[in-house]
Amino acid sequence: FVLCHASSGHKHSIEEMFSDPNIASRVTETKLVKEVEALNRFMRLLDTHPDKAYYGFGHVQKANEELAIDTLLITDELFLSSDVVTRKKYVVLVESVRERGGNVYVFSTMHVSGQQLQQVSGVAAILRYPLPDLDELEDIAANHEAHVEYESDDELTEEEKRQKEEARMREEMKDMGF
């Protein structure tokens, strides 16, 4: 037990206590302190090196595929979701990050730090190395695929080209939710 002063009895006072270096040094081995440090590191990286701090399932999943995740931050609301599909998606992500040598912190949404993480999608990652903007990577890959497709289109008849273009448009509309 650590005796310390807080300005109020609300749960936000916990964050106030942990921001005091004297208190933090006395409880450095607790899980909560490590989680708060990881979240603060993520927030600092988001400001200073945004190419090393990703959030949102799509971006985090892509970073995991690139073996770039050093630390994964996830809320218990996602990791323990009552929706089986959602829970499975995040459990697979957590297991994959652990298998690849990453650290994983599951934040309680009952704590201020978990609520802060929930505000940035509930899942975030601190990367081992900077990754270029994922949207930029996807654009480069799409342009490369389009270029490869057009090279081989010379051999297609006009009818085959039309059918291929219609299939591509249907696929794009499906991706957009139409």
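**Helix H9**

I began with Glu166 and Arg162, which lie four residues apart in helix H9 (residues 158-175) and are therefore separated by about one helical turn. Helices here are DSSP runs of H or I with at least four residues, strands are runs of E with at least two, and both are numbered from the N terminus. I note that the model is predicted: local features need pLDDT of at least 70, side-chain atom pairs count only at pLDDT 80 or more, and totals for chains, interfaces and linings use all residues. Residues are numbered from 1 along each chain as its sequence is written, and side-chain values use heavy atoms, with hydrogens and water left out.

Glu166 and Arg162 form a salt bridge, with the closest N and O atoms 2.4 Å apart. I applied the criterion of a side-chain nitrogen of Lys or Arg within 4 Å of a carboxyl oxygen of Asp or Glu. An α-helix has 3.6 residues a turn, so residues three or four places apart point the same way.

I then looked up accessibility (buried is under 20% relative accessible area, exposed over 50%, partly exposed in between; 1.4 Å probe, protein chains only). Glu166 is partly exposed at 34%, and Arg162 is partly exposed at 40%.

**The other salt bridges**

How many salt bridges does a search of the whole structure find? The search returns three.

In helix H4 (residues 57-65), Glu65 and Lys62 are three residues apart and so are separated by about one helical turn. Their side chains meet in a salt bridge at 3.8 Å, N to O. I recorded a relative accessible area of 47% for Glu65, which is partly exposed, and of 30% for Lys62, which is also partly exposed.

I next found a salt bridge between the side chains of Arg41 and Asp70 (3.8 Å, N to O). This pair links distant parts of the chain, with Arg41 in helix H3 (residues 31-48) and Asp70 in strand S2, 29 residues apart. Arg41 counts as partly exposed at 34% relative accessibility, and Asp70 counts as partly exposed at 22%.

**Helix H3**

H3 has 18 residues and reaches 26 Å from its first C-alpha to its last, close to the 26 Å expected. I listed the buried residues of H3 as Val33, Glu35, Val36, Ala38, Leu39, Phe42 and Leu45.

**His111**

I located His111 in the loop between strand S3 (103-107) and helix H7 (112-119). Is His111 buried or exposed? His111 is buried, with a relative accessible area of 14%. Leaving aside neighbours within four places in sequence, I found His111 in contact (heavy atoms within 4.5 Å) with Ile14, Leu32 and Val36. Val36 is also one of the buried residues of H3.

**Strand S4**

I turned to strand S4 (residues 123-127), which is mostly covered, with five of its five residues buried. Val123, Ala125 and Leu127 lie on one side, and Ala124 and Ile126 on the other.

Which strands pair with S4? I counted two strands as paired if DSSP finds at least two bridges between them. Strand S1 (residues 53-55) pairs with S4 in the antiparallel sense over three bridges, and Ala53 has Ile126 as its bridge partner in S4. Strand S2 (residues 69-75) runs antiparallel to S4 and is joined to S4 by five bridges. In that pairing, I noted Ile74 opposite Val123.

Terms used:
Expected span 1.5 Å × (residues − 1).
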